[in-house]
Amino acid sequence: AVGASGVTWREDLARWAASVALAVLLGPLTLRLVVLRGRPLGRLLDNAIFLSATAGAFAVINVAILAFVLRAHNALQVGFVELMYGDLRPFAEQTRFGIAFLVTLIGFAVVALFAMLAWTLDRPKLLWGSFGCGVVLASSFSLSGHQATEPNSSAAAQLADWAHLVAGSVWAGGVLALAALVWPLAPELRRAAFLGFSRIAVGLVAVLILAGTYLAIVRLPELTDLWETTYGQTLLVKLAVVALALGWGGAHHVLVRPRLERGHVPAGVGRSLVGESTVAMAVLLVAAILVNGSPPPPTGDSVSAGSPVASR
């Protein structure tokens with residue numbers, strides 16, 4: 001459900017914040033459960049990862065509430081007081097976005113519960129519950145997006161969008177965790193964490209490229225749509241930022257990884273990781289704008305790409 005003005009910049013920021021929160025949740029968990037599995041992390045880094053998982057889950061919940069309020073305000077076109085005292089149940093229970101909102105609230109409460117139990121009981125294996133539920137619940141982002149109800153949408157496209165989102169969140173969150181958690185809190189684990197994450201990053205990038213290419217083909221009926229439509233132009237901006245991020249990561253893979261394999265940690269890697277993670281956050285921002293946008297309709301489709309929608 002969107003109003004006559006379409007999706008606003010506030011909703012773009014809310015979706016970006018939700019993507020960042022998902023990255024903050026999944027990235028550190030990937031390091032803890034996959035990359036550094038079986039290694040003693042030390043109390044400082046362990047607590048930081050527990051905190052990141054818990055904060056990420058609660059951040060998704062709070063951003064979901066904000067996004068729901070923004071979307072309801074945009075669709076109903078009423079004042080803030082009337083909105084707070086209005087009956088939003090039909091909006092929550094009878095629209096795709098509203099149903100995804102309810103699932104997100106309940107699901108990520110379970111994610112937070114697993115994280116807090118793992119923290120308080122000192123049982124890291126419970127974090128698998130947070131990780132698994134978080135990956136599955138990321139599908140609510142794909143199912144609630146504006147593109148999910150476009151004429152050229154399909155189950156395969158929604159599945160590709162989910163895979164694209166999960167791979168991007170794990171990649172961006174993993175780089176952020178390396179820069180903000182491992183490098184300052186556990187110097188003895190820098191080499192193992194960097195090399196281990198580099199191995200899985202190759203697979204993540206492959207999923208990003210394959211799923212992104214498929215979605216671009218589905219969303220753009222004509223090649224000229226890439227530069228003649230707002231959606232295509234936004235996609236070009238995203239591709240440029242992604243190319244920068246991948247080039248940065250590729251430089252790490254070519255220049256830093258061999259030296260780490262020889263047992264030497266080059267100076268300045270931590271600062272470089274901060275730069276790469278910043279670019280990764282920019283990728284998530286452009287992706288949020290793209291997901292909220294309207295792709296051009298299929299050739300011959302009578303539906304206007306810019307027409308307002310009262311209820312989806």
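Trainee: Why is leucine 117 called partly exposed, rather than buried or exposed?

Mentor: In this predicted model, leucine 117 has a relative accessibility of 34%, and because buried means under 20% and exposed over 50%, with partly exposed in between, leucine 117 counts as partly exposed. Leucine 117 is found in helix α5.

Trainee: What makes the nonpolar surface patch, and which helix gives the most to it?

Mentor: The patch, of about 420 Å², is made by Phe58, Leu113, Met116, Leu117 and Leu121, and α5 gives the most to it, with four residues. Patch residues need over 30% relative accessible area, a cut-off that leucine 117 passes at 34%.

Trainee: What makes the pairing of the side chains of arginine 257 and histidine 253 a polar contact?

Mentor: The two side chains are 3.4 Å apart in that contact, and the cut-off for such a pair of N or O atoms is within 3.5 Å, so the pair qualifies as a polar contact.

Trainee: Which residues touch the most other members of the largest nonpolar core?

Mentor: Of its 68 residues, these are Leu25, Leu45, Phe108, Trp171, Phe197 and Leu273. Among the helices that each supply at least two residues of this core are α1, α5 and α12, while α8 gives the most, with 13 residues.

Notes: Residues are numbered from 1 along each chain as its sequence is written. This is a predicted model: local features need pLDDT of at least 70, side-chain atom pairs count only at pLDDT 80 or more; totals for chains, interfaces and linings use all residues. Side-chain values use heavy atoms; hydrogens and water are left out. A nonpolar core is a set of buried Ala, Val, Leu, Ile, Met, Phe, Trp, Tyr and Cys residues joined through side-chain atoms within 4.5 Å. Buried means under 20% relative accessible area, exposed over 50%, partly exposed in between (1.4 Å probe, protein chains only). A polar contact is a pair of N or O atoms within 3.5 Å; within protein, one must be able to donate a hydrogen and the other to accept it, and residues adjacent in sequence count only if both atoms are side-chain atoms. Patches are made of residues with over 30% relative accessible area and no salt bridge: like charges are joined within 9 Å, nonpolar side chains (Val, Leu, Ile, Met, Phe, Trp, Tyr) within 5 Å. Accessible areas come from the Shrake-Rupley method with a 1.4 Å probe; for residues, only the protein chains shown count as cover. A salt bridge is a side-chain nitrogen of Lys or Arg within 4 Å of a carboxyl oxygen of Asp or Glu.
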